[in-house]
Amino acid sequence: MKLIFKILLSVILIFILVSVSGIFYLARGLNEGKNIRINGIDVSNLNDGIYNGKYKAGRWKNELNITVKDHKIIKIDIKDDVTFPNTDVSNELFSKVIGKQNTTVDVISEATVTSKAYLKSIEDALNNN
């Protein structure tokens with residue numbers, strides 16, 4: 001009887017440790033991501049080329065290549081995506097940025113932190129060239 005109790009207790013402890021670790025992993029960088037301030041960009045002074053930008057915070061870490069031609073953003077490519085990518089989110093957000101030629105666009109509903117992480121990568125690429 002004692003052996004069964006020890007095995008059961010061990011399984012419960014392992015389950016709790018795995019669950020707490022998973023929650024910690026999923027939440028790492030969440031508060032930082034929620035509070036990101038998007039400042040905007042000015043593409044009028046940029047030369048033609050491909051600019052690389054990164055954002056690093058937990059599972060929202062990403063790296064983008066932004067192609068600029070004739071002082072306009074014409075293409076945004078994902079070089080290294082977030083941990084749980086959603087192409088619908090990235091495609092819709094990148095279309096907004098290309099349409100407005102700025103990062104001051106509305107974020108995608110239910111993907112706020114992911115949207116802000118992508119927008120910050122774009123700013124990193126174009127403001128730090």
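Contact, as the word is used in these legends, means heavy atoms within 4.5 Å. The model shown in every view is a predicted one.

**View 1. L126 and its contacts in the largest nonpolar core.** When its neighbours within four places in sequence are left aside, L126 is in contact with I41, V43, L46, Y51, I66, V68 and I73. L126 belongs to the largest nonpolar core, which has 22 residues, and it is one of the five that touch the most other members, together with I66, I73, I76 and I122. Two or more residues of this core come from each of β2 (62–69), β3 (72–80), α3 and α4 (112–127). The element that gives the most is α4, with five residues. Apart from this core lies another one, of six residues, which include Y55, A57, V113 and A117.

**View 2. The whole protein chain and its order of elements.** Four helices and three strands make up the secondary structure of the protein chain, and, read from the N terminus, its elements follow the order α-α-β-β-β-α-α. The radius of gyration of the protein chain is 20 Å, whereas the globule rule gives 14 Å for 129 residues, so the chain is more spread out than a compact globule. Its C-alpha trace spans about 75 × 25 × 25 Å along the principal axes. Of the 129 residues, 34% count as buried. Among the contacts with a separation of 6 or more, 56% are between residues 24 or more positions apart.

**View 3. S90, a residue of helix α3.** S90 lies in helix α3, which covers residues 87–100. Because its relative accessibility is 3%, and buried means under 20%, S90 counts as buried. Leaving aside its neighbours within four places in sequence, S90 is in contact with I78 and Y118.

**View 4. T104 and Q101 in the loop between α3 and α4.** T104 lies in the loop between α3 and α4, and Q101 lies in the loop between these two helices as well. With a relative accessible area of 36%, T104 is partly exposed, because this value falls between the limits of 20% and 50%. Q101, by contrast, is buried, with a relative accessible area of 18%. When residues up to four places away in sequence are not counted, T104 touches I38, N39 and G40. The C-alpha atoms of T104 and L119 are separated by 8.4 Å, and these two residues are 15 residues apart along the chain.

**View 5. Positive phi values at H71 and Q101.** Most residues other than glycine have a negative phi. H71, which is not a glycine, has a positive phi near 65 degrees, and Q101, also not a glycine, has a positive phi of about 60 degrees. H71 lies in the loop between β2 and β3, and at 41% relative accessibility H71 counts as partly exposed.

Notes:
Residues are numbered from 1 along each chain as its sequence is written. This is a predicted model: local features need pLDDT of at least 70, side-chain atom pairs count only at pLDDT 80 or more; totals for chains, interfaces and linings use all residues. Side-chain values use heavy atoms; hydrogens and water are left out. Buried means under 20% relative accessible area, exposed over 50%, partly exposed in between (1.4 Å probe, protein chains only). The radius of gyration is taken over C-alpha atoms; the globule rule is 2.2 Å times the number of residues to the power 0.38. A nonpolar core is a set of buried Ala, Val, Leu, Ile, Met, Phe, Trp, Tyr and Cys residues joined through side-chain atoms within 4.5 Å.
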